Amino acid sequence: MTPVTTATTPEALTGTFGGDRVNATFTANGARLDFDCAVAEIDGAVLPDGEGRFVARGRYLADHAGPIAGDAAPQAVATGFEGRIAGDTLRLELKVTGEPAPRVLTLVRGQRVKLVRCL
């Protein structure tokens, strides 16, 4: 008799998460993180491995308060994302190109926080 093998395809991380000054929404197509004065996006589905770890690529776009000169539009910066989901807690590191250290976030599934947008 031939043994039966099954391949398991990782499921995309989906849902809403919130943490200190950030809300995140994950879909089967990627993710968006909204900060008080910035936005980050992950390109493509986030597929955690058997231990809940994942690596993804995307971009980070910082904004600032006050007037913005017409020729000084904010630029998106390439960003690497490394994370681990354990239960309802998501630990996420953003490695923004040009920044000396990663930003470390702890997010909780189903939590939403009030953001104070730059004006």
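A nonpolar core is a set of buried Ala, Val, Leu, Ile, Met, Phe, Trp, Tyr and Cys residues joined through side-chain atoms within 4.5 Å. Buried means under 20% relative accessible area, with a 1.4 Å probe and protein chains only. Keep both in mind.

A word on the source. This is a predicted model, where local features need pLDDT of at least 70, side-chain atom pairs count only at pLDDT 80 or more, and totals for chains, interfaces and linings use all residues. Residues are numbered from 1 along each chain as its sequence is written, and side-chain values use heavy atoms, with hydrogens and water left out.

Now the fold. The protein has zero helices and eight strands. Strands are DSSP runs of E, at least two residues; helices are runs of H or I, at least four; numbering starts at the N terminus. Of the 119 residues, 33% are buried.

Next, the core. The largest nonpolar core has 23 residues. Phe 26, Phe 35 and Leu 94 have the most contacts inside it. Which strand gives the most to this core? Strand S7 does, with four residues.

Finally, Glu 93. Glu 93 sits in S7, residues 89–96. Is Glu 93 buried or exposed? Glu 93 counts as buried, because its relative accessibility is 16%. Its side chain makes a polar contact with the side chain of Arg 91, at 3.0 Å. A polar contact is a pair of N or O atoms within 3.5 Å; within protein, one must be able to donate a hydrogen and the other to accept it, and residues adjacent in sequence count only if both atoms are side-chain atoms.

Terms used
Buried means under 20% relative accessible area, exposed over 50%, partly exposed in between (1.4 Å probe, protein chains only).
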